[in-house]
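Here's a quick tour for anyone opening this model for the first time. Have a look at the picture below, then read on.

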Amino acid sequence: MSEPRLAAAFWVQAYMRRLSLHDIPAFVVHRGDDTAGAVLVKLNRLDGTAQAFTRSFDLMTDTRKWSELASGPDRDVEDTVARQRSFDSDLWVIEVEDRQGRHLLDQPGLDS
């Protein structure tokens, strides 16, 4: 049996709080559906490069995991984010800014 899902707005709020506890600036760039919206996290390394992460569902393990959607020059990653938003108007987009590349998505409670 699969784990119950948190409402997207609640997860985003908890994620933003966790980032602030580590002094990692982050911004909600696009607010999606409060309940069922998917979440995309863009990590801006502030050096002209970026990465974008989305959660995917692993059918083999019946779990969700974060996977890299795109990486490279910031402009290219931003174009990928824009394409995703054009497909999904309920999508939440969070931009994390960290020169060290910290996004915390691999931490307990955020990793799935």
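What follows covers the sheet and its helices, then the aromatic rings, then the charged pairs.

This is a predicted model, where local features need pLDDT of at least 70, side-chain atom pairs count only at pLDDT 80 or more, and totals for chains, interfaces and linings use all residues. Residues are numbered from 1 along each chain as its sequence is written, and side-chain values use heavy atoms, with hydrogens and water left out.

**The sheet and its helices**

- Start with the open sheet: 5 strands run in the order β1-β5-β2-β3-β4, with mixed pairing. Helices (H or I, at least four residues) and strands (E, at least two) are DSSP runs, numbered from the N terminus, and two strands pair if DSSP finds at least two bridges between them.
- At the edges sit β1 (26-30) and β4, each pairing on one side only.
- On average, neighbouring strands here are turned by 25° against each other, direction ignored. Axes are lines fitted to C-alpha atoms, for helices over the stretch in contact, and angles run from 0 to 180 degrees between N-to-C directions.
- Strand β3 (residues 49-58) pairs with β4 in the antiparallel sense, over 10 bridges. Within that pairing, A52 stands opposite A70 in β4.
- Helix α1 packs on the sheet and touches β1, β2, β3, β4 and β5, its direction making about 5° with that of β5. Contact here means heavy atoms within 4.5 Å.
- Helix α2 also packs on the sheet, touching β1, β2, β3, β4 and β5, but its direction makes about 135° with that of β4.

**Aromatic rings**

- There are 2 aromatic pairs. Rings of Phe, Tyr and Trp (its six-membered ring) pair if their centres lie within 6.5 Å; planes under 30 degrees apart count as stacked, over 60 as edge-to-face and the rest as tilted.
- W11 and Y15 are stacked, because their ring centres are 4.9 Å apart and their planes are at 25°. These two residues are 4 apart in helix α1 (residues 8-21), about one helical turn.
- W11 and W66 make a tilted pair, 5.5 Å centre to centre with 35° between the planes. W11 is in helix α1 and W66 in strand β4 (residues 63-73), so this pair ties together parts that are 55 residues apart in sequence.
- Both W11 and W66 are buried, where buried means under 20% relative accessible area, exposed over 50%, and partly exposed in between (1.4 Å probe, protein chains only).
- R55 lies over the face of W11, 5.3 Å from the ring centre. For that label, NZ of Lys or CZ of Arg must be within 6 Å of the ring centre and within 35 degrees of the ring normal.

**Charged pairs**

- The structure holds 6 salt bridges, each being a side-chain nitrogen of Lys or Arg within 4 Å of a carboxyl oxygen of Asp or Glu.
- E95 bridges to K42, with the closest N and O atoms 3.7 Å apart. E95 lies in strand β5 (residues 92-97) and K42 in strand β2 (residues 39-44), so the pair ties together parts that are 53 residues apart in sequence.
- E95 is buried at 12% relative accessibility, and K42 is buried at 2%.
- K42, D74, E78 and E95 are linked in a network of salt bridges.
- R75 and D79 form a salt bridge at 3.0 Å between the closest N and O atoms; both lie in helix α2 (residues 74-87). R75 is exposed at 52%, while D79 is partly exposed at 31%.
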